[in-house]
Amino acid sequence: MTPALDPRTAKLLPWIVAIAFFMQMLDGTILNTALPSMASSLNESPLRMQSVVIAYLLTVALLIPASGWIADHFGTRRVFFSAILLFSIGSFLCAESSTLGMLVASRVVQGIGGALMVPVGRLVILRAYPRSELVDVLSFVTLPGMVGPLVGPTLGGWLVEYASWHWIFLINIPVGIIGCIATWKYLPDMRSPDQSRFDILGFCLFGAAMVLISISLEGLGELHLAHARVMLLLLGGLACLAAYWLHAARQEHPIFSLTLFHTHTYAVGILGNVFARLGSGAMPFLMPLLLQIGLGFSPSTAGMTMIPTAIFAMFAKALARRLIERFGYRKLLTVNTLLLGALIASFATVGADTPYPFLLAQLAVFGAVNSLQFTAMNTVTLIDLSEADTSSGNSLLSVVMQLSVSLGVAAAAALLQGFVSEYNRPDPFQVLSSFHYTFLCVGVMSILAAAIFLQLSPNAGSVGIVKEHATGEM
């Protein structure tokens, strides 16, 4: 039964969740720009600073699977408040760190909060609003997650250049204080009536799988691990995942029930998220590099160039519900995925002679299509889940989103490095050509994901709404 919200809470709740989303997504991209400055300040080698990123990533990957159970047992208000508080405390400790070890430990504290913020925030939205409003509300709260990766690198560079790297973390604190106050005052306190025991073995198996797979994906990109080590980590992660699958099949209350995939829209949505997000996840990594390395833009100019992407993403969010109601999830997601892949591939035509207004228009259209893709994918994945499966299904979606973005960045980095390495001493034209080939490959990978959304039925996503009206739930 969806709880009734008073009008003031109904208006403020999406803002509270959106702020938390923005804090986490901004933090995930703002840090990379500041790593060299942080290394100099801490008297460390820049090569060791990647542990600051990995510590956060692995903490999030490990704890997200438990987020649904924690929220169900301790209540969404208490858990969401604690998540923002821990993230803010971790941010303060990061800013005060004087050694690399202290910084890594502080990032773990941040990661604990970050692992709970996004899945628990989305869970609140799923339970607080009727399914008929889900598209509009999720469109609003997920928009900051798209804007964060776009403005993060530019804001990080500006703070490092004109202030210090400490402000990358300190800017989270006032936002966190506002978020904590608003959460305690307005966030509904929801919990599941089913107080099942925590599946410790399942959590260990699934958590180990996520950590090993995450390290292997990072090993292909940022960590530059030998391919043999990457394969061993990946195989180890897949083995743990297979063990979890067998374990979950005979458990009454596993972390993620296999019955989730009996809901057809959920199964298609999860698989579609994995493969369609390869291109979307790669773009925040590839575009700044193309603009700065391939085209010679300054960091500030590159950041300003990305603004149309964020602006038109906002416009597309406002149109999402009407488009879904007009065309349905199956037709919209199939066509939009094809268009998204084609747009990513179209950046292979960008060169030094590309008119700047044309480039801005290209980025604007990509922002709108990418925004619509996120909204439709996330909503169709969750909309038909029963109330009993909402918590578990939402947590698994968060895991998939985390891994698919990492996979997209790793794939793009490996492709780009592979094309560049074909030249002994690549000149600027050859470097730009390597970017072009990479965009083509990533675009084709995204286009292939359209075949997954074709498996949706023509009336996909209508079950939850029909059920809601039939039972009178509001």
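1. Terms and basis. Buried means under 20% relative accessible area, exposed means over 50%, and partly exposed lies in between (1.4 Å probe, protein chains only). Tyr 329, at 5% relative accessibility, therefore counts as buried. This is a predicted model, in which local features need pLDDT of at least 70, side-chain atom pairs count only at pLDDT 80 or more, and totals for chains, interfaces and linings use all residues. Residues are numbered from 1 along each chain as its sequence is written, and side-chain values use heavy atoms, with hydrogens and water left out.

2. Helix α12. Start here. Helices are DSSP runs (H or I, at least four residues), numbered from the N terminus. Helix α12 covers residues 307-346. The expected span of a helix is 1.5 Å times one less than its number of residues. A straight helix of 40 residues would span 58 Å, yet the end C-alpha atoms of α12 are only 19 Å apart. Where is the kink in α12 centred? It is centred on Gly 328, with an angle of about 105 degrees. The bend at a residue is the angle between axes fitted to the seven residues ending there and the seven starting there.

3. Tyr 329. This residue is found in helix α12. The C-alpha atom of Tyr 329 is 8.4 Å from that of Phe 453, though the two are 124 residues apart along the chain. Tyr 329 is also among the residues with the most contacts inside the largest nonpolar core.

4. The nonpolar cores. A nonpolar core is a set of buried Ala, Val, Leu, Ile, Met, Phe, Trp, Tyr and Cys residues joined through side-chain atoms within 4.5 Å. The largest one has 82 residues. Those with the most contacts inside it include Leu 13, Ile 125, Met 210, Leu 333 and Leu 456. Helix α4 gives the largest share of this core, 10 residues. Another core, of 29 residues, lies apart from it; among its members are Ala 282, Leu 343, Ala 413 and Phe 439. In soluble globular proteins, nonpolar side chains tend to be buried together.

5. Met 304, Ile 307, Ile 311, Phe 312 and Phe 315 make a nonpolar surface patch of about 480 Å². Patches are made of residues with over 30% relative accessible area and no salt bridge: like charges are joined within 9 Å, and nonpolar side chains (Val, Leu, Ile, Met, Phe, Trp, Tyr) within 5 Å. Accessible areas come from the Shrake-Rupley method with a 1.4 Å probe; for residues, only the protein chains shown count as cover. Helix α12 gives the most to this patch, with 4 residues. Phe 312 lies in that helix and, at 37% relative accessibility, counts as partly exposed.

6. Salt bridges. How many salt bridges does the structure hold? There are 2. A salt bridge is a side-chain nitrogen of Lys or Arg within 4 Å of a carboxyl oxygen of Asp or Glu. One joins the side chains of Arg 127 and Asp 72, at 3.0 Å from N to O. Arg 127 lies in helix α4 (residues 100-128) and Asp 72 in helix α2 (residues 50-74), so the pair ties together parts that are 55 residues apart in sequence. Arg 127 is buried at 7% relative accessibility, and Asp 72 is buried at 10%.

7. The pair within α12. Glu 325 forms a salt bridge with Arg 321, with the closest N and O atoms 3.0 Å apart. Both residues lie in α12, 4 residues apart, about one turn of the helix. Glu 325 is exposed, at 56% relative accessible area. Arg 321 is partly exposed, at 25%.

8. Helix α10. The 31 residues of α10 (residues 264-294) should span 45 Å; the end C-alpha atoms are 43 Å apart, which agrees. Even so, α10 bends by about 45 degrees at Arg 277. Of its 31 residues, 23 are buried, so α10 is largely enclosed by the rest of the structure. Just after this helix, Gly 296 takes a positive phi of about 80 degrees.

9. Other pairs to look at. Ala 410, in helix α14 (residues 387-420), is buried at 2% relative accessibility. Its C-alpha atom is 9.2 Å from that of Ser 216, 194 residues apart along the chain. Phe 74, in helix α2, is partly exposed at 40%.

Methods. Helices (H or I, at least four residues) and strands (E, at least two) are DSSP runs, numbered from the N terminus.
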